[in-house]
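Please consult the sequence and the model while reading.

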Amino acid sequence: MLIGLLGGTFDPVHIGHLHVAKSLLKELPFDEIRLLPCYKPVHRPEPKASPEERLAMLKLACKNLEKITVDEHEIKRAGNSYMIDTLRELTHENPQHHFCLILGKDAFDGFHLWHQWENILNYCHLVIVTRPNTSIEYPDILKSFIQQFSTPDITDFIKSPSGKIFFCSIPPLDISATQLRSQLAQKNYDTNIIPAAICNYIQVHKLYL
Ligand code: ATP
């Protein structure tokens, strides 16, 4: 099976995240794309909502979606969420699956700051998707990494179990959780940006006020 992993804080999940997953299901032959919430992010402040609340919202978001699921590994492991640890667990539990770590371009720009980043391609492929309002440049340290491992050829990418980087252009959807949290703080609940069930959850649990 080819499994996509979209890691993030999901504070809260929004239609931008679902748009990434849905667009990639059209572009690549994924059997499943898992939204993977971290317990505690390492390179940014703690999320406003608790791990349990972020997980509950993700489950609501994925409830009726085909091939888009939630992965609870990092929430269950607790502590600092290092992606390399998660990938080691996943590949150990499912040696027959091929994993692709999906990153928006903004997240990829900080990839070299991740714990043991140079080992990550031993366990998975990387799929980098375009995101509005992000630089088209890459940090210098990533340029040779990209040159060494990227491939424009989907067949080449799919037939190897790990170790490739594939860049994928998706239709732009300019939504971020940061922007959303400031709207929610004003009690602006826009179901065009967050699914109605999650709007309801946020109101009932008085989140982001
Ligand atoms: P915040 O504004 O709090 O940083 P976010 O909207 O970026 O949150 P995250 O949970 O941090 O959401 O993102 C998880 C992953 O989804 C990251 O790789 C990010 O680049 C990607 N992503 C989120 N929204 C979009 C979008 N609208 N288009 C493309 N990629 C996105």
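Ala177 places a polar backbone atom 2.8 Å from an oxygen atom of the ligand. From His17, an N or O atom of the side chain is 2.9 Å from a ligand oxygen atom. On its own the ligand has 610 Å² of accessible area, and the protein covers 93% of this (Shrake-Rupley method, 1.4 Å probe).

The model is predicted, with local features needing pLDDT of at least 70 and side-chain atom pairs pLDDT 80 or more, while totals for chains, interfaces and linings use all residues. Residues are numbered from 1 along each chain as its sequence is written, and side-chain values use heavy atoms, without hydrogens and water.

## The shell around the ligand

The ligand is surrounded by 22 residues, each with a heavy atom within 4 Å of it. Arg44, Asp106, Arg131, Ala177 and Thr178 are the closest. By class, the shell contains eight nonpolar, ten polar and four charged residues; Asp, Glu, Lys and Arg count as charged, and Gly is among the polar residues.

Which helices and strands each supply at least two residues of this shell? They are strands E1 (2–8) and E4 (98–104), together with helices H1 (15–27), H5 (105–108) and H8 (177–185). Helices (at least four residues) and strands (at least two) are DSSP runs numbered from the N terminus.

## Salt bridges

Side chains of opposite charge can pair when their charged atoms come close. The whole structure holds ten salt bridges (a side-chain nitrogen of Lys or Arg within 4 Å of a carboxyl oxygen of Asp or Glu). One of them joins Arg34 to Asp71, with the closest N and O atoms 2.9 Å apart. Because Arg34 lies in strand E2 (residues 32–37) and Asp71 in the loop between strand E3 (68–70) and helix H3 (73–77), this pair ties together parts 37 residues apart in sequence.

## The loop between E1 and H1

Phe10 lies in the loop between E1 and H1. Although Phe10 is not a glycine, its phi is positive, at about 50°. Pro12 is found in the loop between E1 and H1 as well, and the peptide bond from Asp11 to Pro12 is cis, with omega near 0°.

Key: Polar contact = N/O pair within 3.5 Å; in protein donor to acceptor, adjacent residues only side chain to side chain.
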